[in-house]
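Welcome! Here is a short briefing to read alongside the structure. Have the view open and follow each point as it comes.

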Number of protein chains: 2
Amino acid sequence: MENPTLRSEILAIVNADAVTFVGHHHPDDLHDESLHAAHVEPFAVVRPSNTQQVSEIAKLASRHGLPLTPRGSGTGLSGAATPVPGGIVISFSRMNQLLEVDVDDHVAVVQPGITLLELNEELAASGLRYPVYPGELSGSLGGNVNTNAGGMRAVRHGVTRQHVLGLELVLIDGTVVRTGARVMKSSSGYDLTQLIVGSEGTLALVTEITLRLSPQLAHAVTILIPFRSVENVTRVVPSIVASGLEPSILEYLDVLTMSAITSEASLELGVAKDVAAEAAAYLIVMLETRSSEQLEFDVAALAELVEKAEALDVYVLAPGAAIRLIEARERAFWVAKASGANEIIDIVVPRSSVPSFLSEAGEIAERHGAFITGCGHVGDGNVHLSVFLSDEEKRRVFLHELFSLGVDLGGLISGEHGIGRDKQAPFLALTDPTLLTIQRKIKAVFDPEQLLNPYRLLDDRPLP
Amino acid sequence: MENPTLRSEILAIVNADAVTFVGHHHPDDLHDESLHAAHVEPFAVVRPSNTQQVSEIAKLASRHGLPLTPRGSGTGLSGAATPVPGGIVISFSRMNQLLEVDVDDHVAVVQPGITLLELNEELAASGLRYPVYPGELSGSLGGNVNTNAGGMRAVRHGVTRQHVLGLELVLIDGTVVRTGARVMKSSSGYDLTQLIVGSEGTLALVTEITLRLSPQLAHAVTILIPFRSVENVTRVVPSIVASGLEPSILEYLDVLTMSAITSEASLELGVAKDVAAEAAAYLIVMLETRSSEQLEFDVAALAELVEKAEALDVYVLAPGAAIRLIEARERAFWVAKASGANEIIDIVVPRSSVPSFLSEAGEIAERHGAFITGCGHVGDGNVHLSVFLSDEEKRRVFLHELFSLGVDLGGLISGEHGIGRDKQAPFLALTDPTLLTIQRKIKAVFDPEQLLNPYRLLDDRPLP
C-alpha cells in the first residue's frame, strides 16, 4: 500500500502535522462506535484546515480513484465513518469553529468539526441555543448533518433536518458550492440542502453549516413518572403530545434500563421503595417555558394527565438529579455496550404503534432466544433496543424479523443512527427497489465513480 | 391538434365526464393566478379519480411523449400550472378526500386535490389542525406541497416542507411509489419526500400526502401595532422572535397596503385618528396559547416589548375584527391585482436584512420610475411587493436589479410562490450554475424525456 507519489501529493495540500499514513495512524481514527467496527487502516488520515484544502483532497481522490471517507468525531453507531483500506479519511477535527452567531436572524454558521458541546457552550451568552439534542455531546455537527441526528428533544424541536438552513459543500470534483440561505422559507428550486442532510457523506463533503437557533427558555423542570407497565407509558404519550404542553423531552425507560443507568450513575431519584417495586417502566418529561408562572400551570396540567393514566406517582426532580438522569439516559448506549449487547437498533415506528411494536418484539425475541432491553424517544416513536444474542446467523434472522415488524407497522429502519454498514441488510431488503434505484441514480449524479464514503448505505459491496 | 387515437386512449382510462378536449375546456383550467398567465389550450384536461388512473395517464404521456401538467386549484401565482399546447393537464379536483385522521400520531392522510379550507373544516372536531396557513384557503394541498407553500404562520409553525411526512407518487413511467413514513425522525436513506416538496410538479405526480398535524390551541388574540416607520417595525421583529413568545403570525403592512385592504374590506379597527395620521406601518401579531392565563401574560410581555420600540399604540382587536383583518391581509394580492400591479414578488431575505432591503428597494424603484407597495411575512423575511411599472423591458431591468439586491443580501428569489415561468429569468440568472446543473441532472433521473411540467423552473424553453 506504499505510494510515494500519493504521499507527496497529500503533503503538498496539508502540512505534515495534519496527516498520518498507513502504519502510523491514531487508533481512534480507525473506527466509529458501531458494535461491529473492526479497526481498518486507510492509506491516509488527513485533517484539512479549510475548504480549499478539502477541495484539493477531493480533486486528488478523483484523480487517483481513491475512496474518501468523511469523519467527524467518530461517535456514529452504524459504521458510517469506518475507513476503507487504501483510501483517504478526511477528518474535520481541525475545522471546528463557530464562524458566526447572528442574533437577529437566530442563525449560527459553523464548521463541521465543532461538537454539540462546544457549540452550545459558545452560544450560552447569546440567549440562543441549538435545540437539537442527540445526547452524545461530543458528536460533531457535520456528523449530525450527515445522519440527520435526532435525540431526545425531537418531540418538540424537531431533528437536525429542520435546523439546517444552508450548507457549503465540496463536490467530488473539488467544486465548492453553497446551498440554501439564511431564511426559513424557500420555493426556489429543488432543496439540495435537505437532500444532503442524512446522506451519510455519500453525496458531498459538508464544509460549513448554517443552523437555525432557538431562544433559550428560562424555566425548566424534569419530571419522573413510574408506571405499572410499558403499555401504560406508551398509551399516555399521545395525550401528552395532544395537550399542547410541548414537552422538550418525552422518554421512556424500561425498568432494567432504568436500574442499569441509575446504578451506573449512582443516581438517587427519591422514588419510594414500594413504588419502585411496582414500577415496570418510567416516563421522563421535561417542560421548558418562558415564565415561572407558566411552568407551574404546565406541571399541574401534566400531573393531572398522567394521574388519569394510572401513573404510580409523579416526581418533580431536583435540578441536579434531573441533569444527571438525562445524562445517564444518554449513556444507556454505553451501559448496553458494557453489558455485552450484540446489537443496538433504533427503529422508528408511528408513535401509536410503539405498544404493539414492543409487545410483538418481545414475543419475537422469546421465539429466537434473544434478550432485548430498551428505552426510547417514545414521544416520536423512536425505539432503542439492545439486543443480546451472540450467534451471528441467529441474530441476522432475528433482526430481519424485528425490522420487518417495524416496517409492517409503518416504520423505518433507523430513526437517527443511520444505515452505515450495520443496517444495510434490512435497509436494502425492506425498501421498495424503485426507491433504491432512484437513490442510486441520485448518488451517480453527485459521485459517478462512487468515491464518496463508498461501501455504506446503498452500496453493500464487501470492503476491499 | 386533433388526435382520435389519443382521445380514445384517454377515454379508456377515465369516463367521458372526467375529461375535456381542446376547444371544449373550461376557461378556469387554462391558467393560474399569475399576472402573466395567458390562457393556453392543452389537448386534454383529465380529472382522474384514483392513483391507478393517474398511473395510466403517466404511461400514456410517456408512450406518446406528451407534456403532462399537474394542476391543483390553480391558485398559484407563478405560472407553474398553466397548460402546454398539445399536452395533457392532469387536474386533481376529483382526488380531494381526507383519507384518514390519525389522532394518536397527529397525522392526516389526504389526496392532493383537497383544499386547505376543506382540510381544516374536516379536522375541526378532532382537536387537531394543519397549522400551515398560506392564506389562499382554496389552494390545494397538492399545490401546497409542490410550491412548499409558507404563509403567515411560518414564523412559529414552519412551512409545508416541515409538515410533509410522506408521499405517494406516480413516476412518469407510471410506477407508484411511497416515500417517507408516519414518523418524525428518519435516517434511512436520501429523503425523497423532501426532494419532491417544492419541485413544482417537475419530478413526480403527488397522489397522496401524509401530513403532520398540531394540537389546536384554545386561546388566541390578534394585536395591531402602529409604528411611525417601516424601519421601527422591522427593527422590533427580532426582539419579538427572540422573546420566546412564539407568535403564530407576525406580519407587517405598509400604510398604503393597510388602507387599501381595510377600505376594500370596510374594516374599522378602532385606531385613533391622530395615531392613524402618524402611522407609516403596522405590525399584526397573533398569539395563541393553551391557557387563558398564559395568554394574558404573553400579551402583557408583548406590549412591554413594542412600547420600548416606540410603538404608537397597541390595539388588542375584537375577535371578529381580527379574523377580518387577517382575511383582508390575505386578499392583499387581489387588491394589488385590481389596482393594476404589473408584477408580484415574494422575495425572501434574512429577517435582519428586511430594513435594508426595503430601503434600498425604494431607491431602486425611484431610479427606475417604478412604484412599489407591500406587506410581508416580516417574521421570516418574506417580503411581498406589488410592482407598478408597465413598460415590459424597463420592468425586466428593474426586477433584475431588485432580485440581485435580495440575493446579495443572502436571500432567494421566492419564499413561497415558486419559480414557475414568471421567476425563471432571475432564478436562472442568479443561481450558481453548478447548482442548476445538479438540479437538471436530478430532473433527468426522474423524468429523462422532460414530460413532467415542462417549460417551468429549470426549463426555460419557450412554450411550443
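In this predicted model, strands E5 and E6 of chain A run antiparallel and are joined by four bridges. Strand E6 of chain A covers residues 107-110, and its A:Val107 stands opposite A:Asp102.

- The strands are ordered E5-E6-E10-E8-E9 in an open sheet of five, with antiparallel pairing.
- At the edges are E5 (98-102) and E9, each of which pairs on one side only.
- From one strand to the next, the twist averages 15°.
- As a general point, strands of a sheet pair through backbone hydrogen bonds, in either a parallel or an antiparallel way.

**Where the two chains meet**

- Chain A brings 83 residues to the contact, and chain B brings 83 residues.
- About 6500 Å² is buried between chain A and chain B, with carbon and sulfur atoms giving 61% of that area.

- Eight salt bridges are counted between chain A and chain B.
- A salt bridge links the side chains of A:Arg290 and B:Asp298, at 2.9 Å from N to O.
- There are also 34 residue pairs in polar contact between chain A and chain B.

**The side of chain A that touches chain B**

- Elements that each supply at least two residues include strand E9 (176-180), helix H7 (230-242) and helix H10 (292-308) of chain A.
- Helix H16 of chain A gives the most, with nine residues.
- By class, this side has 33 nonpolar, 30 polar and 20 charged residues.

How values were computed
Residues are numbered from 1 along each chain as its sequence is written. Chains are lettered from A and ligands numbered from 1 in the order in which they are written. This is a predicted model: local features need pLDDT of at least 70, side-chain atom pairs count only at pLDDT 80 or more; totals for chains, interfaces and linings use all residues. Side-chain values use heavy atoms; hydrogens and water are left out. Contact means heavy atoms within 4.5 Å. Buried area is the accessible area (1.4 Å probe) that two parts lose on being put together, summed over both. A salt bridge is a side-chain nitrogen of Lys or Arg within 4 Å of a carboxyl oxygen of Asp or Glu. A polar contact is a pair of N or O atoms within 3.5 Å; within protein, one must be able to donate a hydrogen and the other to accept it, and residues adjacent in sequence count only if both atoms are side-chain atoms. Ala, Val, Leu, Ile, Met, Phe, Trp, Tyr, Cys and Pro count as nonpolar, Asp, Glu, Lys and Arg as charged, and the others, Gly among them, as polar. Two strands pair if DSSP finds at least two bridges between them. Axes are lines fitted to C-alpha atoms, for helices over the stretch in contact, and angles run from 0 to 180 degrees between N-to-C directions.
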